[in-house]
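Thanks for coming. I will go through one structure today, part by part. Please have the sequence and the model open.

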Amino acid sequence: MLGLLASILDGVLIGAVYGLAAMGITLIWGVMDVVNLTHGAMIVAGMFAAYVLVGAAGVPVYATLPIVLAGGFLVGVGLYWLSVHRVIGQPPLMSLLSTFAVNLVLVGLGTAVWGTDLFNVPASLPGFSLGRYTFPGTHLMAALLTGVIALALYFFLYRTRLGKAVRAVSNNREAAELVGIPTARVLALAFGLGVALASVAGMLIATMFPFTVLSGDAYQLKSFVVTVLGGLGNPTGALVAGIALGLVEGLTTPFVPVSWTLVIEFILFVVVLITVPGGLLTLFRRRRPA
Amino acid sequence: MNALLEVENLSKQFGGLRAVQALSFEVREGTILGLIGPNGAGKTTVFNLLNGVFAPDEGQVRFRGADITGLAPFRVARHGLARTNQIVQPFANMTVLENCVVGACFGRENLPLARAREAAREAVTLVGLEDRLDALASQLTIAGKKRLELARALAARPTLLLLDEVLAGLNPVEIERMIGIIRTIRDSGISILMIEHLMQAIMSLSDRIVVLNSGAKLAEGLPAEVAADPMVIGAYLGDPGFVDKLRES
Amino acid sequence: MILRRPFFWIIAAIVAAFAIAPAIGDNIELRESLVLAAVYITLASNINMILGYAGYVNFGSIVFFGLGGYFSVWLMSAHAWPLAAALVAGGVAVSALALVFGLGILRLRGVYFALSTIGVNEGVMAFVANFGPWGGSTGIYLSPALFQPLGGPAKALWVIYYLLVGIMGLSLVLSYAVKRSKFGLGLLAIGQNEDAAALLGVPTPRYKAIVYSLSAFLPAIAGGLYFFKSAYIQPPDAFDLQLSTETIVVAMLGGQGTVAGPALGAFLYEELRGWLLTSPTFSHFQLVVAGVLLLAIVLFAPGGLMGLLYRLWPRLRSFLE
């Protein structure tokens, strides 16, 4: 019983980080109706940024977080102008393909430099013991930092002028433009934020698990699952759904072989997409008038 | 004259908004019925309910005796009920002819391609776009796109045509021309149900008029009766020019 | 009817060129390069029916290729079916499965549909990797004895090649026949504006499900041939998302929605890829090149090569579809 509880709790900790990554996808979708397919590559970029900063520059592990955050933001803004700006307002096919193209380039460059070997970021923190079970300190720290970043994002979106501009653009781009909000720059900002979240999530994942250049695909798919469960465009939903997914993983690990969890997740993903495309949270607020 | 389309007790609610409430009316064969009302009265919603874009919460729609309530849009089209959209929806990267072939192919008669091409040509000629047959729909002017919208619906050789503000956005010369086209269509035996804001036009075109306000029927009758109805004038008080417009017509 | 159209003869000429070129002087190196080109053309022509005609992005189209491979290889190795029967059965089974998937996920539109196709591919791959009868993650290995009925390995490779070229030709003919048909017109209308198409009477749910299933048939057979040729099949090779997305690149490069475009794109892309792989500088940069190419097309030439050709010589439209 205690083992199951420990497994669930650890799942929740990891799930929070999935949620953080998914917030990046959902934020971009909510603001500009673009599914960012560079997401996986940017998660991996966060992993390798942490790896290089720790290994080559000797930066303490958790001190890489602000650097990765800032770097991810700048890269994101750059990617927006390079690959997204021209296809805003066009059929979804175009932005899917343009961000996908950038993803190919990034993964290609990554494999050229690092190959497909397994890497890890040496991080050790004292764990937290519960009877016979010990939660790795890195998992606790990752969940804690996720909470801090999520709160900071909430504060930014709801308490600052710029954040309000982002929300205004996401509600109604034309109206926002009419009241003088420079929408293109706000879109670039939102894209930068989304990418920054992805890369920080990557950095945190790197402190917990080993990774390769190709790890992005799996985490990107997990992010999609989480995003869809939480409702595309809903950051809070993404965080909640991330934790829920982690919980499900923690719950099933003791009973189902690990290789089946992926199958279960994708079935869940497709079924939710078809039955409640607005995300699971909509089930709880059916009453509210549309 | 037989009733072609019978609408009975139709209701639809969106969240807290009652878009259409217990609406009943009928369109008789070979006539034009005008559907008017202030902005937001629910006119386009009525079309969407007839077409199957939305399923009604209550009520029944019978078309030539068959119950078509809540059928999917493409099934409604097969029954011979065609429609134009208020905001034109051309297949932008297809030619004018191809746009209309789609209408002819999948409409009431479900024609094979070769014969659909003939029907499409006829429809294009009827609306006067025959010199733009091979132009891409995206290259047409607004007036051209409006006429294409009409031609595409006509190509299906429908029994009943729903026109949603086909005159909006046209200049006076174009309006004159479009009114002529609508008369020709009616004279060819196709019944019409139309939404229109241009009072003068709809009063002169329609055989009967239904006035909608806040989703419910406010009045029904011959154009002259409706124009004289104090309730109707009252409903339009928010639109100060309306009474004058009625007098003009 | 279709025989009288000049474009049909262009397809016939392409197929003939594929058939004859490597046979001259028994050029095995050329044949191996053309095998890949034929596979790319088959995949691109079929995805084009759903991507280019109906406007639905299928990121996971490779699932058809992989499942077809698995069905055929499994029937041959575990049940000793002859090649032809195993291929046809694979094609039929995968098409039927696609119809079932399609009826579910085609209720989704735009990005939701695109995301679900990734889910289908990854879900199926994860399932197969756990599926005992198909060897789980180790896959299925074919005994060399299976090549004997075709006259030994060397001759079998030629037979497989000609069958693949045949499948490629059928893909082009199918793609062309669909485009010229009423069904194709309905698909094109859906691709342009699905709501307007439905209002005009296009039976959108049925058409989408049919095209999804139809676009599975020939790729599944190609998958059967391809993995029979390799003599083994494993989940990561069968459901390679990268190949799936390259297929989209190829279709876009040539010009989605045209019949000749995907074939042209596939051929050029395969040649380019072959050249990149042999060049010492670029061998690591295949993905980078594909990405840059795709980005440039999406941003600056969404019509692809065919779009450019049409713009240069508008008269091409009248006979090059």
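This is a predicted model: local features need pLDDT of at least 70, side-chain atom pairs count only at pLDDT 80 or more; totals for chains, interfaces and linings use all residues.

Residues are numbered from 1 along each chain as its sequence is written, chains are lettered from A in the order in which they are written, and side-chain values use heavy atoms, with hydrogens and water left out.

Back to chain B. Domain 1 covers 1-80 + 161-249 and domain 2 covers 87-158; the bounds come from an automatic or database domain assignment. Their centres, taken over C-alpha atoms, are 23 Å apart. In contact (heavy atoms within 4.5 Å) are 19 residues of domain 1 and 15 residues of domain 2. The two domains of chain B bury about 1400 Å² between them, 68% of it on carbon and sulfur atoms. Buried area here is the accessible area (1.4 Å probe) that two parts lose on being put together, summed over both. B:Arg78, B:Leu161 and B:Ile181 supply 33% of what domain 1 buries against domain 2, more than any other three residues.

Next, chain C against chain B. Here 20 residues of chain C are in contact with 24 residues of chain B. The area buried between these chains is about 1900 Å², with 69% from carbon and sulfur atoms. Which three residues of chain C supply 40% of the area that it buries against chain B? They are C:Lys182, C:Leu199 and C:Leu200. Across this interface, too, the rule finds zero salt bridges.

A:Ser199 is in helix H8, residues 183-208; helices are DSSP runs (H or I, at least four residues), numbered from the N terminus. Is A:Ser199 buried or exposed? A:Ser199 has a relative accessible area of 2%, so it counts as buried, the classes being buried under 20%, exposed over 50% and partly exposed in between (1.4 Å probe, protein chains only). A polar atom of the A:Ser199 side chain lies 3.1 Å from the backbone oxygen of A:Ala196. Leaving out residues up to four places away in sequence, A:Ser199 touches A:Met42, A:Ile43, A:Gly46, A:Val68 and A:Gly72.

How values were computed: A salt bridge is a side-chain nitrogen of Lys or Arg within 4 Å of a carboxyl oxygen of Asp or Glu. Helices (H or I, at least four residues) and strands (E, at least two) are DSSP runs, numbered from the N terminus. A polar contact is a pair of N or O atoms within 3.5 Å; within protein, one must be able to donate a hydrogen and the other to accept it, and residues adjacent in sequence count only if both atoms are side-chain atoms.
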